[in-house]
Amino acid sequence: MLVEANSVKQEAENKFAEAEPALEAANKAANNLEVGDINEFKAYKTCPEKAVGVCVGVNWVIMPVGQKSKFADWKYNQTVMKDGNAFKKKLLDAKDDILVN
């Protein structure tokens, strides 16, 4: 049992080490996000194709559990970003929760 637990622990540590550079890059990007950037982004009529994955990821982090099925809906995403300051605060709070936990 201990050997199996150590194996699982090592695998988790390896996966985290693999993901850590992306997490650090996302952290840096979130810290540099300006409200003007959010306002510019939400003004698009449709979500730019290259940004779909980002929207899904951000919404997965900040949306309440019962609303997760809406994360691919651009109109809903625009509503979530309506108040750029509130959206940025939610994102930074969620980011801090992830980095702490």
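**Close-up views of a predicted model**

View 1. Glu13 and Lys9 form a salt bridge, with their closest N and O atoms 3.8 Å apart. The term means a side-chain nitrogen of Lys or Arg within 4 Å of a carboxyl oxygen of Asp or Glu. Glu13 and Lys9 sit four residues apart in helix 1 (residues 2-32), so about one helical turn separates them. Helices are DSSP runs (H or I, at least four residues), numbered from the N terminus. Glu13 is partly exposed, at 39% relative accessibility. Buried means under 20% relative accessible area, exposed over 50%, and partly exposed in between (1.4 Å probe, protein chains only).

This is a predicted model: local features need pLDDT of at least 70, side-chain atom pairs count only at pLDDT 80 or more, and totals for chains, interfaces and linings use all residues. Residues are numbered from 1 along each chain as its sequence is written, and side-chain values use heavy atoms, with hydrogens and water left out.

**View 2. A salt bridge in helix 5.** A search of the whole structure finds two salt bridges. Lys89 forms one with Asp93, and the closest N and O atoms are 2.8 Å apart. Both residues lie in helix 5, four residues apart, about one turn of the helix. Lys89 is exposed, with a relative accessible area of 51%. Asp93 is partly exposed, at 35% relative accessibility.

**View 3. A cluster of aromatic rings.** Ring pairs link Phe41, Tyr44 and Trp74 into a cluster. Rings of Phe, Tyr and Trp (its six-membered ring) pair if their centres lie within 6.5 Å; planes under 30 degrees apart count as stacked, over 60 as edge-to-face and the rest as tilted. The whole structure holds two aromatic pairs. The rings of Phe41 and Tyr44 are edge-to-face, because their centres are 6.1 Å apart and their planes at 75 degrees. Phe41 and Trp74 are also edge-to-face, with centres 5.2 Å apart and planes at 85 degrees. Phe41 lies in helix 2 (residues 35-42) and Trp74 in helix 4, so this pair ties together parts 33 residues apart in sequence. Trp74 is buried, at 10% relative accessibility. Tyr44 is partly exposed, with a relative accessible area of 40%.

**View 4. The largest nonpolar core.** Such a core is a set of buried Ala, Val, Leu, Ile, Met, Phe, Trp, Tyr and Cys residues joined through side-chain atoms within 4.5 Å. The largest one has 16 residues, of which Ile62, Phe87 and Leu91 touch the most other members. Helix 3 (52-62), helix 4 (74-80) and helix 5 (84-100) each give two or more residues to this core.
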